[in-house]
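Please look through the sequence and the model shown here before reading on.

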Amino acid sequence: MVQMNVGGCSAQVRGILFDKDGTLLQFISLWGWWAETVLSGLERELKKEGGELPEQPGYILGVYIEEDGSVRKHDRQGPLAMGSPSQMIGIATYLLYKEGVPWNEAVQRVTEVFEYANDQVLERANIVPISGVVPFLERCRELSLPMAVVTADDKRPSEQHLEKMGIRHYFAAVIGDDCVEHGKPYPDMVELACRELGLQPHEVAVIGDSVGDMEMGHSAGSALQVFIDEERQFDAKPAKADVMIRAYDEIELTL
């Protein structure tokens, strides 16, 4: 057992589960360019049908678009932050369906837009780790604390993102939304990750940057829910979080 002390809370844990985007990597460093590419692709598809993107189209993905068309901020409670790829495809598909495109054809065309962005982002995005995350992962490894990733993204691209950052080797398992029947905020990801680690949910801590992460951990009965807010967008921790931190150096791990 490892003693985890953070913000006046403490728990004995045998493992740690991490969200990926906004928890291990800086969200916009990966998803800003991706969102710009998806919205551009959707605009092209809509124009083929004589349509156009709605006014202020950032809400489709849950991002904020600057005057120059770039995406530099996102809604921490929006689709891109909390939803699954299939949910976002569903939202975008509706735009084409409204223009008279049959649903099955609209799904196919939107999926191609998303897949193109997924493929290109690995080459073009400069994925930046959250400050202090690598030393923290090293500390966990020194203490023989098994770790897994539980992400609303799909498993394959998630592993590619972790590989590009050079941190995939720290994790014994990567659980994506496509690995479970019910994604966040349901407990399925925590339960599957724990099975792969050989642990029980009450033996792990969950670290994440969204309300969905905290609700997931709480519903699974994990030992501690740690909400990380490096961007300082929250004044107080979400209801289901046990503690809120701004940086990984606020967490103390001891045998």
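Leu-137 touches Phe-18, Met-147, Ile-167, Tyr-170 and Phe-171 when its neighbours within four places in sequence are left aside, where contact means heavy atoms within 4.5 Å. Leu-137 belongs to helix H5, residues 133-142; helices (H or I, at least four residues) and strands (E, at least two) are DSSP runs numbered from the N terminus. With a relative accessible area of 0%, Leu-137 is buried, a word that stands for under 20% relative accessible area, while exposed means over 50% and partly exposed lies in between (1.4 Å probe, protein chains only). Between the C-alpha atoms of Leu-137 and Leu-255, which are 118 residues apart along the chain, the separation is 16 Å.

This is a predicted model, in which local features need pLDDT of at least 70 and side-chain atom pairs count only at pLDDT 80 or more, whereas totals for chains, interfaces and linings use all residues. Residues are numbered from 1 along each chain as its sequence is written, and side-chain values use heavy atoms, with hydrogens and water left out.

Strand S1, residues 2-6, is joined to S2 by five bridges in the antiparallel sense, and among the residues involved, Val-6 has Cys-9 of S2 as its bridge partner.

Asp-21 sits in the loop between strand S3 (15-18) and helix H1 (27-48), and with a relative accessible area of 10% Asp-21 is buried. Its side chain makes a polar contact of 3.1 Å with the side chain of Trp-31, a polar contact being a pair of N or O atoms within 3.5 Å, of which, within protein, one must be able to donate a hydrogen and the other to accept it, and residues adjacent in sequence count only if both atoms are side-chain atoms. Not counting residues up to four places away in sequence, Asp-21 touches Phe-27, Leu-30, Trp-31, Thr-151, Asp-153 and Asp-209.

Met-82 is found in helix H2, residues 79-82, and is partly exposed at 25% relative accessibility. Leaving aside neighbours within four places in sequence, Met-82 is in contact with Arg-76, Gln-77, Ala-152, Ser-210, Val-211 and Gly-212. Met-82 and Val-226 are 144 residues apart in sequence, and their C-alpha atoms are 16 Å apart in space. Thr-93, in helix H3 (residues 85-98), is by contrast buried at 0% relative accessibility; not counting residues up to four places away in sequence, Thr-93 touches Trp-103, Ala-106, Val-107 and Val-110.

Asn-118 lies in H4 and is partly exposed at 29% relative accessibility, and its side chain is joined to that of Trp-34 by a polar contact of 2.7 Å. Asn-118 and Glu-36 are 82 residues apart in sequence and 12 Å apart in space, C-alpha to C-alpha.

How do H4 and H6 pack, and at what angle? Helix H4 (residues 103-124) and helix H6 (residues 155-165) pack at about 5°, with their axes 11 Å apart; axes are lines fitted to C-alpha atoms, for helices over the stretch in contact, and angles run from 0 to 180 degrees between N-to-C directions. The two helices are therefore roughly parallel to each other, since angles under 35 degrees count as roughly parallel, over 145 as roughly antiparallel, 65 to 115 as roughly perpendicular and the rest as oblique. Val-121, Leu-122, Glu-123 and Arg-124 of H4 meet Gln-160, His-161 and Lys-164 of H6. The residues of this contact divide into two nonpolar, two polar and three charged.

Helix H7, residues 188-197, is mostly covered, with seven of its ten residues buried, including Asp-188, Met-189 and Val-190. The buried residues of H7 pack against S3, S6 (147-150), S7 (173-175), S8 (204-208) and helix H8 (211-220). After H7 comes Gly-198, whose phi is positive, near 75°.

Notes
Nonpolar A, V, L, I, M, F, W, Y, C, P; charged D, E, K, R; others polar. Pairing = 2+ DSSP bridges.
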